[in-house]
Amino acid sequence: MKKTKIWSEIENIQVINGDFLGVNISENSIDLIVTSPPYNVGIQYNSHDDTMSYDEYLKWSENWLRKALQLMKPDGRMCLNIPLDKNKGGQQSVYADITTIAKKIGWKYHSTIIWNEGNISRRTAWGSWLSASAPYVIAPVETIVILYKETWKKNKKGESDITKNEFLEWTNGLWTFSGESKKKIGHPAPFPLELPRRCIKLFSYVGDTILDPFLGSGTTAIAAYKLRRRSIGVDIDEKYFNLAIERISKECKILKGLLWK
Ligand SMILES: C[S@@+](CC[C@H](N)C(=O)[O-])C[C@H]1O[C@@H](n2cnc3c(N)ncnc32)[C@H](O)[C@@H]1O
């Protein structure tokens with residue numbers, strides 16, 4: 001197995017290059033996971049194979065969800081960004097299947113946020129055009145499943161930094177904001193900063209420890225830094241590990257002293 005590399009040059013941020021299933025992170029240490037795992041839709045990642053059979057993908061999902069659960073504090077939570085359906089290469093109910101697996105292995109279910117990316121231009125497959133023969137229905141949304149380990153209410157008091165308007169808007173579980181440009185970021189599947197920003201402000205206290213087991217280009221770590229939380233991010237791929245370091249270094253330098261309130 002490849003050796004893991006750790007980058008920790010910026011205070012309160014740790015980036016690990018390694019397979020999440022094999023990395024060494026203390027058990028019972030994480031307050032909140034915000035993550036988007038590979039969707040198994042044939043994306044060309046550098047290291048990860050995104051073309052497993054559906055059964056293999058569910059088994060792999062079970063394995064990482066099991067490991068993630070061990071790392072959580074008893075009141076730890078997870079915001080899991082996954083697709084609603086799989087439309088390419090056979091229709092599958094990805095959201096329903098992964099949520100069922102998470103519950104089976106011990107995660108508790110809280111609720112689901114529907115993220116309306118508003119991306120209808122992606123639409124190319126219609127099945128049978130203007131015919132009832134075999135039309136395709138595709139929802140231009142993704143889900144953010146909210147899960148927790150043992151207790152939903154946090155065990156300790158802490159500092160919340162969410163405003164009244166944000167709280168009113170974000171506790172309505174239909175979120176509308178655009179996706180992120182792959183080209184601009186230089187990663188095949190980044191999520192926009194707005195996604196971890198909302199999850200972190202709504203579900204964690206200032207100073208909490210946020211984990212992203214599939215860090216990609218470093219988005220979760222940047223949002224966590226701006227919001228004065230600690231963060232740990234893991235990516236199996238060296239190229240994305242280096243990209244995350246580059247992005248984090250740049251953003252954190254600019255933002256020193258200008259942290260989000
Ligand atoms: C959907 S992307 C995450 C993108 C990220 N949210 C961002 O904003 O850039 C999934 C990432 O998981 C990584 N990955 C795949 N398998 C992994 C594993 N076993 N351990 C750690 N990272 C893995 C891939 O290299 C890829 O960068």
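Ser 181 is found in the loop that runs between strand S7 (174-176) and helix H4 (182-185), where helices (H or I, at least four residues) and strands (E, at least two) are DSSP runs numbered from the N terminus. The structure is a predicted model, in which local features need pLDDT of at least 70 and side-chain atom pairs count only at pLDDT 80 or more, whereas totals for chains, interfaces and linings use all residues. Residues are numbered from 1 along each chain as its sequence is written.

**Loop residues**

- Ser 181 counts as exposed because it has 11 C-beta neighbours inside 10 Å; a residue is called buried if 20 or more other C-beta atoms lie within 10 Å of its own, exposed if 12 or fewer, and partly exposed in between, with C-beta atoms placed from the backbone.
- Although Ser 181 and Pro 192 are 11 residues apart along the chain, their C-alpha atoms are separated by 8.3 Å.
- Ala 139 lies in the loop between strand S5 (108-116) and strand S6 (141-148), and with 12 other C-beta atoms within 10 Å it is exposed.
- The C-alpha atoms of Ala 139 and Leu 84 are separated by 8.0 Å, the two residues being 55 apart along the chain.

- Most residues other than glycine have a negative phi, and most peptide bonds are trans.
- Asn 28, which is not a glycine, has a positive phi of about 55 degrees; Asn 28 is found in the loop between strand S2 (13-17) and strand S3 (30-35), and its 11 C-beta neighbours inside 10 Å make it exposed.
- Arg 228, also a residue other than glycine, has a positive phi near 60 degrees; Arg 228 lies in the loop between H6 and strand S9 (230-235), and with 17 other C-beta atoms within 10 Å it is partly exposed.

**Helices H5 and H6**

- Two packed helices are described by the angle between their axes and the distance between the axes.
- Helix H5 (residues 194-203) packs with helix H6 (residues 219-226) at an angle of about 45 degrees, the axes being 9 Å apart; axes are lines fitted to C-alpha atoms, for helices over the stretch in contact, and angles run from 0 to 180 degrees between N-to-C directions.
- That angle makes H5 oblique to H6, since angles under 35 degrees count as roughly parallel, over 145 as roughly antiparallel, 65 to 115 as roughly perpendicular and the rest as oblique.
- H5 passes H6 in a right-handed crossing, a crossing being left-handed if the near helix is turned anticlockwise from the far one by less than a right angle, and right-handed if clockwise.
- Pro 196, Arg 197 and Ile 200 of H5 make the contact with Thr 219, Thr 220, Ala 223 and Ala 224 of H6, where two residues are in contact if their C-beta atoms, placed from the backbone, lie within 7 Å.
- The residues of this contact of H5 with H6 divide into four nonpolar, two polar and one charged; Ala, Val, Leu, Ile, Met, Phe, Trp, Tyr, Cys and Pro count as nonpolar, Asp, Glu, Lys and Arg as charged, and the others, Gly among them, as polar.
- Eight of the 10 residues of H5 are buried, so H5 is largely enclosed by the rest of the structure; the buried residues include Leu 195, Cys 199 and Phe 203.

**Two buried residues**

- Ala 224, placed in helix H6, is buried, with 28 other C-beta atoms within 10 Å.
- Leaving aside neighbours within four places in sequence, Ala 224 is in contact with Ile 200, Ile 210, Arg 229 and Ser 231.
- Leu 32 has its place in strand S3 and counts as buried, with 28 C-beta neighbours inside 10 Å.
- The C-alpha atoms of Leu 32 and Phe 203, which are 171 residues apart along the chain, are separated by 7.5 Å.
- Beyond neighbours within four places in sequence, the contacts of Leu 32 include Gly 76, Arg 77, Ile 200 and Phe 203.

**Ligand surroundings**

- Of the 22 residues around the ligand, His 48, Phe 214, Gly 216, Ser 217 and Thr 219 come nearest, a residue being near a molecule or strand if its C-beta atom, placed from the backbone, lies within 6 Å of it.
- The shell around the ligand divides into 12 nonpolar, seven polar and three charged residues.
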